[in-house]
Structures are given as structure tokens and as C-alpha cells.
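Hello,

Here is the structure I promised to pass on to you. Please open it next to this email, and have a look around before reading my notes.

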Amino acid sequence: MTAFADTAAAAGGEALRPHAERAFADELAALAAADDRPRPARWKLSPWAVATYLLGGTLPDGTLITPKYVGPRRLVEVAVSTLATDRALLLLGVPGTAKTWVSEHLAAAVSGDSTLLVQGTAGTPEEAVRYGWNYASLLAHGPSSEALVPSPVMRAMAEGMTARVEELTRIPADVQDALITILSEKTLPVPELGQEVQAVRGFNLIATANDRDRGVNELSSALRRRFSTVVLPLPATPEAEVDIVSRRVEQMGRSLDLPPVPDGVAEIRRVVTVFRELRDGVTTDGRTRLKSPSGTLSTAEAISVVTGGLALAAHFGDGVLRPGDVAAGVLGAVVRDPSADRVVWQEYVETVVRERDGWKDFYRACREVSA
Amino acid sequence: MLLGVRHHGPGSARAVLAALEAVRPSAVLVEGPPDGDALLALAADERMRPPVALLAHAVDDPGHAAFWPMAEFSPEWVAIRWALAHGTPVRFVDLPAAHSLALTERTEGAPQEQDRGGIDPVGILAGTAGYDDPERWWEDVVEHRAADGTLADPLAPFAALAEAMAALREAYGDGGHPRDAVREACMRLRLRAARKEFGEHIAVVCGAWHVPALAARTTVAADKALLKGLPKVKAELTWVPWTPRRLARRSGYGAGIESPGWYGHLFAAPDRTVERWMTKVAGLLRGEDRPVSSAHVIEAVRLAATLAALRDRPAPGLAEATDAVRAVMCDGSDVPLGLVRDRLVVGGMLGEVPDRAPAVPLQRDLARQQRTLRLRPEAQERELELDLRKDTDAARSTMLHRLRLLDIGWGEPAAGRGSTGTFRESWRLRWEPELSVRVAEAGVWGSTVLSAATARTVSDAVSAASLSGITVLAERCLLAGLPEALPVVMRALADRAALDADVGHLADALPPLARSLRYGDVRATDTSDLAKVAVGLAERICVGLPRACAGLDADSAGRMLPRVEGVHTAVGLLAGAVPADGLRERWAGVLGTLSARDTVAGVIRGRATRLLLDEGRLAGEGAARLMGLALSPGTPPADAAAWIEGFLGGAAAGGMLLVHDERLLALLDAWLTGVPAVMFTDVLPLLRRTFSAYEPGTRRTLGELVRRGRGPDRAADRVEVSAPGFGAGLDEERAAAVIPVLQLLLGTGTGTGIGRVAGAGTGPERAASR
């Protein structure tokens with residue numbers, strides 16, 4: 001395991017995506033130096049400093065802390081307070097709302113380590129939450145603490161750190177239940193050795209879950225009760241969302257080697273507007289209510305629609321992002337359920353798109369792809 | 001002793017109570033209109049339950065009114081109750097309502113909102129202390145501190161506040177409230193009078209802003225000079241019940257508060273405010289079947305306390321409590337939180353006022369209107385014919401419609417006598433004694449018939465359950481001439497229409513809207529919004545109708561049929577009344593889709609075909625082709641019969657169509673004779689239903705036609721072009737004979753050719769529309 005741990009460092013220190021505590025080590029150090037508020041046991045920073053780390057600000061010594069999360073201050077405060085009251089934190093939200101991002105930075109700021117991570121999948125076994133065995137050692141020497149392979153959660157308990165569980169609702173229900181004892185009793189018995197691991201002060205757990213996906217393992221109310229829930233919203237203003245989308249599109253276009261597009265902002269704005277209006281069920285001017293389709297229409301999907309449109313424009317068009325390039329992508333994102341969503345989409349096209357000034361091209365493109 | 005308070009501040013109320021208990025003044029003066037002094041005693045009545053409001057209105061203009069709302073936790077209310085309970089004299093000291101009403105200009109409709117221009121003293125203090133939210137600063141510094149109940153000197157906070165306000169007033173002068181000088185002069189004069197009467201030992205409860213002015217030393221002459229020549233109206237005052245929701249309104253005491261329920265809790269809870277609040281929230285959520293355990297309550301209290309610490313606040317406030325409830329008890333969702341906000345943070349308890357309170361102004365307004373419109377309430381039932389083109393009659397109709405909206409059933413609309421014009425209305429009037437009670441009940445909605453009907457309609461629109469309910473409301477709203485309620489109703493209508501997935505509901509909603517647009521024409525109301533909604537609705541129906549008509553069984557199809565017809569009529573009305581480009585064409589397109597789609601029930605297909613034919617959008621050959629398709633041998637006879645019912649039934653002219661169009665009759669004849677014997681009994685009831693609706697004359701003609709069979713000169717397949725359904729060729733001589741009469745009817749002058757006349761007469765619809 002240690003053989004792999006520092007491959008990135010060995011390969012020249014240039015990891016594709018460095019961990020938060022490494023990428024923002026300077027900021028964390030500056031915050032710790034300036035932080036004179038009381039810190040809960042084994043916290044690297046006080047709750048105030050953690051909130052500042054996430055929301056950004058300027059320290060007394062002039063160090064600029066970049067905002068990690070752009071959104072309501074209230075949510076970050078609730079999240080940090082929850083961790084400070086040693087209650088587990090559940091971050092909910094539709095895909096693309098920075099749940100993982102927030103959880104990673106919270107763990108990095110609170111414990112200085114964001115790597116104690118359990119990735120939830122339909123196949124996550126109980127060993128990933130509790131402990132496993134090194135079977136060679138187990139067979140050779142019998143059960144002993146040397147043969148035991150602790151899970152990230154177990155290590156976090158022993159060392160008083162913050163553990164992270166990604167996509168909690170994808171984990172099978174019986175494995176989820178293993179968390180209940182850990183969260184309520186704060187202990188993990190190892191009957192094979194006649195021992196138990198008791199959580200040290202400072203241990204806590206941040207889970208993320210998707211509240212829009214269907215067919216996932218709904219949390220039992222017993223488990224749910226052990227979490228405080230914070231719902232991360234979609235971007236609040238169209239401006240913020242256009243900003244996020246165009247920045248991400250630019251980055252992705254670069255990594256996909258798409259030729260740069262002269263002026264896509266108008267189309268990006270249009271896609272974001274369509275997504276927001278359908279998602280919110282009301283037009284931007286707030287005057288007309290609309291039905292919402294069954295898809296999530298998250299910012300992440302807007303990004304992929306625009307990237308797809310760019311690829312179309314670059315390879316098959318004249319290089320300028322045009323309504324026709326995005327219309328098919330928008331249709332695909334909106335109409336997930338072929339019967340109900342199609343009506344929603346047609347109503348939207350006929351009652352909103354058609355009437356709007358300067359949207360004639362888009363209307364025609366929509367009619368074309370809808371037909 | 002000057003007790004400066006924040007209106008509706010629970011902390012101020014506690015402090016006032018403590019101060020009064022400690023000082024025990026010989027008289028209590030409260031900021032409020034002195035013309036209401038006589039009503040003060042009612043506050044002690046056991047049937048009086050806050051929130052209530054002191055209402056002042058001009059006698060000859062009940063719509064011109066001002067309110068002084070009071071909740072249980074209002075310092076003014078606390079002071080009044082304390083004084084009444086201790087037998088201490090209590091007076092109001094502000095400017096009399098007679099003057100303040102005269103000073104504020106009249107605004108139409110809604111009750112008078114007082115001028116709120118100028119600076120916000122609390123906001124400035126909060127900004128100085130580094131708070132962005134003045135409410136929060138006040139809570140932290142004054143309300144929370146005082147709520148501890150551990151103050152050594154009950155007067156200390158008032159002294160500190162007075163000092164701060166004095167500094168503010170030095171810096172800002174009158175702070176943009178020019179009328180305050182007059183009000184304060186009046187307060188000082190009354191304070192002097194009270195001193196003369198009760199001695200120096202007097203407590204004054206007023207807004208903190210006024211304290212420095214009351215403490216200032218001025219001469220009587222100067223104060224009197226300020227009050228000289230003030231305009232005056234005849235004002236009447238009474239207590240009216242109030243709701244927590246309306247406490248948030250800025251009127252009278254100018255503190256609009258967002259969370260009366262929370263303030264009430266702060267005032268009522270003896271200790272452990274947050275713990276008690278969380279328990280209340282848990283109780284509410286449990287009552288709504290949400291599993292909330294005591295463990296949840298514990299965690300929520302802890303989280304609220306930590307949040308307050310993180311935000312550097314001395315104690316958890318409403319914001320912290322709400323965040324904690326959301327995260328711990330509501331799984332981060334705002335939906336159950338909305339319930340908490342509605343029921344607890346705002347609260348829904350309606351105030352009560354004893355019967356002894358003077359009569360509501362609505363009654364007076366009604367009486368006044370009855371006089372001006374010369375429409376006396378009579379117990380005897382009588383009929384009233386109104387001609388809406390006359391001003392008085394239009395006003396009468398408007399008033400009766402408004403009363404109906406208020407559930408005051410004085411007049412009921414009756415079927416018109418003979419006349420069908422939209423400018424005529426018939427009413428049956430009858431004044432029952434219990435209607436007076438209804439008027440009193442309706443008094444909570446407003447002080448004039450107009451404002452009450454507006455408020456009631458708005459409330460109804462917001463809470464209406466069904467789409468058609470709102471369209472009916474919109475129609476009545478137009479009839480009753482409520483311009484201020486209309487946007488709200490329109491909004492509710494648009495919202496509900498957008499969210500209603502059932503095309504049937506939309507189709508039900510469209511015809512009343514189309515009708516309303518025509519009323520709008522008659523009554524000269526502005527209906528552009530309505531038109532927009534109606535067109536939007538029609539567009540939605542166009543999108544969804546083909547799908548909604550697919551795969552219906554006979555019963556559902558039967559229910560859908562009148563809707564399709566209703567929409568057809570409504571689209572016709574709409575296309576004439578509003579600028580809706582291409583709506584008619586789109587609708588025709590939808591009918592075309594309906595008539596051609598196999599999954600659509602036969603009866604609807606048939607009717608769609610028929611409507612198209614009547615519109616003149618289907619040449620005779622087209623109708624024959626569609627009929628041939630529908631009656632082809634492969635189609636189950638029951639379906640074909642349903643198609644025939646749709647195509648030929650209903651409309652009275654259905655039979656005439658067969659009489660005149662031999663091809664259709666021949667097709668029908670051929671189909672009917674081809675129906676197998678076993679199926680015949682199945683289709684018979686449908687056919688009977690269709691044909692029995694025809695007039696006897698038509699039926700007989702049809703029978704004769706069928707018996708005669710196809711004569712050689714009536715063959716349907718003649719090639720000569722003619723108007724569809726008519727015999728070939730034109731007997732020019734006979735046709736020319738009717739031209740003078742037709743010209744007279746059509747109002748056209750000269751030069752109409754025969755061809756044009758014949759063209760105008762092709763479809764029954766066109767003929768009827770002329």
C-alpha cells in the first residue's frame with residue numbers, strides 16, 4: 001500500500017489532481033497561524049477558521065484565502081457547527097453541486113487529511129466500512145492485530161480524524177447499517193480479537209448523497225437520525241451559473257483539444273437560461289410558471305451540452321457556436337422520459353421560446369430537432 | 001418616566017412590564033390616537049384576544065383608514081393591559097386620528113399605508129455596531145439581554161436607549177419624518193395635561209425615536225403653534241380582529257415584523273427559549289406524521305447553540321433555530337420547514353374582538369353605496385334588469401357582483417328575460433336579515449366593499465383548489481371590477497394552469513376565460529393580461545390535446561367531447577378578441593391531427609372532422625374521404641358508429657348535412673347496409689342516439705331520400721364542379737332573385753357577383769355568423 005502512496009511524488013510531484021490539503025497547504029498554514037479561537041479536540045483549525053477557509057476572506061496579516069465554495073454562507077456555517085457538535089454531516093444535492101468538493105475541503109481543514117475516504121458503490125462491502133483481513137497473514141499466523149486491515153473509517157476513529165463516505169445512498173442497506181453503531185456508540189468491536197476500537201475525540205464523518213437519483217438505497221430513518229443534513233443548492237443566480245459553465249467549458253475544451261470558440265457566451269447564457277427556467281419551473285422574469293421535466297438539469301449537464309455543441313461547431317460547423325449546435329443537446333438533456341417530458345418541452349418551446357425576442361433561431365432549431 | 005420601545009418587540013414588552021411593576025406610575029400614556037381613549041376599556045374585556053388592531057377611518061370615506069395593530073407581545077398592549085388590571089388611568093398621546101387621517105393623502109383601494117420615508121434609527125445604530133441586519137442587532141442587544149430577566153435596574157435599558165436615540169437625533173434631525181414634529185408637539189401637550197391631572201409620576205410608552213423629543217423642554221405656546229390649523233376629518237375608531245400575517249404589514253406603528261409567532265414565543269416562554277421552541281417545532285412535525293424524537297430536539301438545540309457561537313451571537317435567534325431545525329429535523333429540506341414557518345414562525349391565530357366594539361365600517365360603506373345607487377335593501381324579492389351601457393346600472397351590477405364575492409347573497413343573477421345581449425343582466429334581489437351578520441363577518445376583509453372584495457378574492461385565488469375554480473373567480477373578478485385583485489388572480493391562474501398536467505382541466509378553464517374577454521369588451525376593463533393567459537392556455541391545449549384524446553374508452557371520450565367543442569368555440573372567440581397570431585391555424589392543425597389519428601376515440605375523430613368541415617377547412621371531398629376511411633370495412637362497426645355519432649350528432653345542423661350532401665349519405669348508406677347482422681344490434685343504440693336528436697322534419701326528409709335511392713340526376717359522382725354538397729350547376733335566374741335581399745342583409749353596396757354570394761353560403765358556420 002505504501003508502495004503506491006507516493007507514486008505521484010515519485011513521478012515528479014505533479015499529480016493530476018492533488019489533495020486539498022496539499023493544494024492549499026499555504027492557506028491552511030496561514031489560517032492556523034492567525035487562528036486564536038478555541039479549537040475542538042484534534043481539530044487543526046477553529047470552527048471560525050474552517051468557515052473562513054471554505055468561504056474565503058482576508059486574514060489580518062494580509063493573506064488572501066480563496067473561496068472554495070461559492071454559495072450561501074449559512075450552509076457552510078451549519079456544516080461546520082454540525083461537525084463541531086460531533087454529529088455526522090450528510091451533504092445532499094443533485095449531481096454537480098460540489099458535494100464532494102465541500103466534503104474534501106471540510107476534512108482537509110478540520111483534520112488536515114482528506115484521504116480517509118470510502119467510495120460508495122452498489123458493491124461496497126462491509127470491510128470498506130469496518131475492517132478486513134490480510135488473508136496471507138491470517139492463514140499463516142492466525143487472527144492478530146497485525147493481520148487486521150483497518151478501513152478508513154476505523155483509522156479515523158482510532159486517530160480522531162474526519163472520515164468521508166461518498167455516495168452513501170449507493171451503498172447496500174446492510175452495509176449502511178454498519179455505520180449506525182459507529183455513529184451512535186462511537187465504537188467498533190472486533191470480536192475475532194476480543195477487542196474494540198473506540199473513537200477518539202475529534203472523530204467525525206462526512207457523507208455525501210445524491211437526492212435526485214432513483215433506484216438508490218434510501219437511508220433508514222435510524223441512520224438518517226444520526227446525520228445533520230445540509231442540502232447544497234444549485235447556483236443561485238444566472239450570472240453565477242453562466243460564469244461556472246463558461247469557465248468549466250473552457251477548461252474541458254482545452255483538455256479535449258477543441259479549437260477555441262470565438263463567441264459562445266450568448267449560447268451558453270441561453271442554455272443556462274433554458275435549464276434554469278425548466279428546473280425552477282418559472283421563467284426568468286418570474287411571470288410565467290412552467291412544468292419541470294424529470295431530469296435534474298444540473299449545472300454539470302449544462303456544461304456537457306455546451307461542450308457537445310462546441311464539438312459540433314468546431315468539427316462540423318463553421319466554428320461558431322450556433323443555436324442548432326446546442327438545441328439537440330438541450331432536447332436530450334430535457335427529455336428523459338419520452339412521453340411526459342416531451343409535452344413539457346413542447347409547451348416550453350411553444351409558449352416561452354417562441355415568444356422571446358432574439359430567440360427565433362433557437363426556436364427554429366428546437367422545432368427542427370423536436371420534429 | 002419615558003419608556004422608549006420598539007413596536008412589537010417582545011423584549012421591550014418584558015422590559016416595560018418590569019419597569020411598570022417596579023415604578024407603579026399613577027397614570028400610563030401610550031403612543032396612539034387619543035380619539036380612541038374611549039375604546040381602551042375594551043382591551044380588558046375577556047373576549048378580547050390579540051392580535052387586534054385599532055382601526056381609524058374617515059366617516060365619509062371608510063376606505064381611508066389607518067391601523068394600529070397590537071399583538072400580545074406589543075409593549076403598548078402590555079402597558080394598556082397592565083394599567084387596566086391595576087386600575088391605573090391609561091390614555092393615548094399621539095396625534096388624534098382625525099388629524100393624521102386628514103394629513104395623509106388618500107390612496108385608492110387598499111387601506112392607508114403610512115409614509116415610511118426617511119431614516120431607520122435602529123438600522124443606523126445596527127450599522128454602527130457592525131450588523132447588516134437591524135432586526136438582528138436589536139434582538140442581540142436589547143431583546144436577548146432583557147429577556148434574561150436578570151436586570152438589576154428595570155429602567156436601565158430605557159435610559160441607555162434614550163441616550164442613543166438622542167445622539168441619533170442630534171445627527172439626523174427629524175430623520176426624514178417631517179410629521180414627527182407635529183406628532184411630538186401633540187404628545188408633549190398631552191403629557192403636560194396628564195402631569196397636571198395625575199402628578200409627575202407618569203409612565204409614557206412610545207417608540208424609542210420619540211423619547212428625546214418628549215424629554216426636550218419646549219414652551220406650550222410653541223407646541224400649540226405647531227398644532228394650529230391642522231386639517232381635520234371626522235374619524236371613527238374601533239377595534240378589529242387582526243391576523244399575525246398582517247402584523248407584518250407596515251402601517252400605524254411602523255414596525256413590520258416578519259416573525260410574530262417567534263416573538264410571541266419569546267414573550268411567552270418564561271425561560272429556556274430555544275429548548276421550548278424546538279419542543280414546539282417537534283410537536284408540530286410529529287402532528288404531521290414526521291418522525292421527530294427527543295434525540296432530534298436535543299441535537300437541534302446543540303446545533304443552534306454552536307451556530308450562535310460560530311456567528312458570535314450571545315444567544316441563538318430565529319435564524320439559528322431555523323437552520324438547526326432544517327439540518328436536524330427536516331433532513332435539509334425546506335418543505336417541512338415551510339410548515340414550521342407558516343404555523344409557528346408566523347402563526348395563524350386570528351384575533352377576536354368583543355361584540356361591544358363599534359360597528360365595522362364595511363356596513364357603513366355599503367349603506368352609502370346603496371344610497372348613491374338608489375338600490376334599497378328590501379325583504380321582498382324583486383327582479384332587477386340592468387343595462388350595462390348606463391353608468392348607474394353598471395355600478396349597480398359591479399356592487400352586486402362584489403357582494404357575491406363576499407358571500408353576501410343579496411342579489412342572485414337570474415336568467416335574462418328574452419334579451420341575449422351581453423350588455424344586459426338580470427338580478428333577483430332579496431335582503432334577508434342575516435345578511436347583516438354576513439356583512440359584519442366580511443368586515444375582517446376590509447373597510448369598503450371594494451377593498452373587502454379585493455382582499456377576499458386575492459385570498460380565495462391563492463388558496464383555490466382547482467383550475468376551473470380560479471377561472472370562475474377570474475370571470476367574477478372582472479364582473480365585479482376589481483382591478484387590484486385581477487393581477488393576483490391572473491398569476492394564480494397562470495401558475496395553476498402551467499402546473500396542471502391534465503389537459504381536460506385546461507380545456508375546462510378556457511371557455512370561461514374566453515367569455516371573460518368578451519365581458520371585458522363590454523365593460524371596458526383592461527384585459528391584456530387575461531388575453532395573454534388565455535392564449536397561453538390555448539397553446540398548451542394545442543400541444544397536449546392529441547395525446548389526451550388517445551386511448552380513451554367510450555365514457556372518457558364522451559366526457560372529452562364537450563371539452564373539444566368548448567375549446568373550439570373558445571378559440572373562435574379568442575382569435576377574434578385578442579391578437580393571437582396563427583392560433584386558429586394551430587387549432588385547425590390540432591383538429592386535423594385528431595381527425596386523422598387512429599388511436600383517438602371515434603367519436604372525437606368524427607367531431608374533429610365535422611368541426612373542420614364547418615370551418616370550411618375541409619373540402620367536401622376531404623370529408624367524404626375521411627368518412628370513407630372511418631367507415632371502411634375493416635373498422636369495427638362500433639368504432640364506425642361512434643365516428644358517425646361524432647360527425648353527425650350534437651349540432652342541430654347535422655341532419656341537414658346529410659340531406660344536402662348526397663355523397664356522405666351514400667357512404668353512410670353503403671356502410672350501414674354492410675354491417676353484419678350480428679353487429680347490427682351493437683351499433684343500433686349509437687345510431688339511434690345520433691339520429692333521434694334530429695328534428696322530425698329532417699328525419700323524414702332523410703327517410704324519403706333513402707327510400708328514393710340514388711336517382712340518375714342525383715348521382716354523387718358527377719364531375720361538374722359545384723359548392724360541396726349542393727347540386728351541380730347553378731340556376732342563375734333563381735339565384736339572382738335573392739341577391740337584393742342578401743345585399744341588404746350583408747350591408748354591401750353594389751357589384752357583388754353571384755360567385756361571391758354562393759361562396760359566402762358554403763358552410764353552415766359562415767352562414768350563421770353573418
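Below is what I found in it, beginning with the ground rules and ending with the place where the chains touch.

Please keep in mind that this is a predicted model: local features need pLDDT of at least 70, side-chain atom pairs count only at pLDDT 80 or more, and totals for chains, interfaces and linings use all residues. Residues are numbered from 1 along each chain as its sequence is written, while chains are lettered from A and ligands numbered from 1 in the order in which they are written.

The two chains

Chain B has 35 helices and ten strands, and chain A has 17 helices and eleven strands. Helices (H or I, at least four residues) and strands (E, at least two) are DSSP runs, numbered from the N terminus. Of the 770 residues of chain B, 43% are buried; for chain A the figure is 43% of 371 residues. Buried means that 20 or more other C-beta atoms lie within 10 Å of the residue's own, with exposed at 12 or fewer, partly exposed in between, and C-beta atoms placed from the backbone. Taking contacts between residues at least 6 apart in sequence, 76% in chain B join residues at least 24 apart, and 69% do in chain A. A contact needs C-beta atoms, placed from the backbone, within 7 Å.

Strands in chain B

Strand β1(B) covers residues 2-5; L2(B) and G4(B) point one way and L3(B) and V5(B) the other, and all are buried. β1(B) runs parallel to β6(B) (residues 202-207), with four bridges between them, and V5(B) has G207(B) as its bridge partner. Two strands count as paired if DSSP finds at least two bridges between them.

Elsewhere in chain B, an open antiparallel sheet of three strands has the order β8-β10-β9. Because β8(B) (382-387) and β9(B) (411-414) each have a single partner strand, they stand at the edges, and one side of each is left without a neighbour in the sheet. From one strand to the next, the twist averages 35°. Six bridges join β8(B) to β10(B) (residues 424-429), one pair of bridge partners being L386(B) and E425(B). Helix α17(B) (residues 391-405) packs on this sheet, touching β8, β9 and β10 of chain B, and its direction makes about 125° with that of β8(B). For such angles, axes are lines fitted to C-alpha atoms (for helices over the stretch in contact), and angles run from 0 to 180 degrees between N-to-C directions.

Helix α13(B) and chain A

The 17 residues of α13(B) (294-310) should span 24 Å at 1.5 Å a residue, which agrees with its end C-alpha atoms being 24 Å apart. The expected span is 1.5 Å times one less than the number of residues. Twelve of the 17 residues are buried, including H296(B), E299(B) and R302(B). Their cover includes α5 (47-55), α6 (73-84) and β11 (227-231) of chain A, together with α12 (273-287) and α14 (318-329) of chain B. Just after this helix, D312(B) has a positive phi of about 60°.

Where the chains meet, 28 residues of chain B are in contact with 29 residues of chain A. On the chain B side, α13, α14, α21 (485-499) and α23 (528-548) each supply at least two residues, and α13(B) gives the most, with eight.

Best wishes

Terms used:
Two residues are in contact if their C-beta atoms, placed from the backbone, lie within 7 Å.
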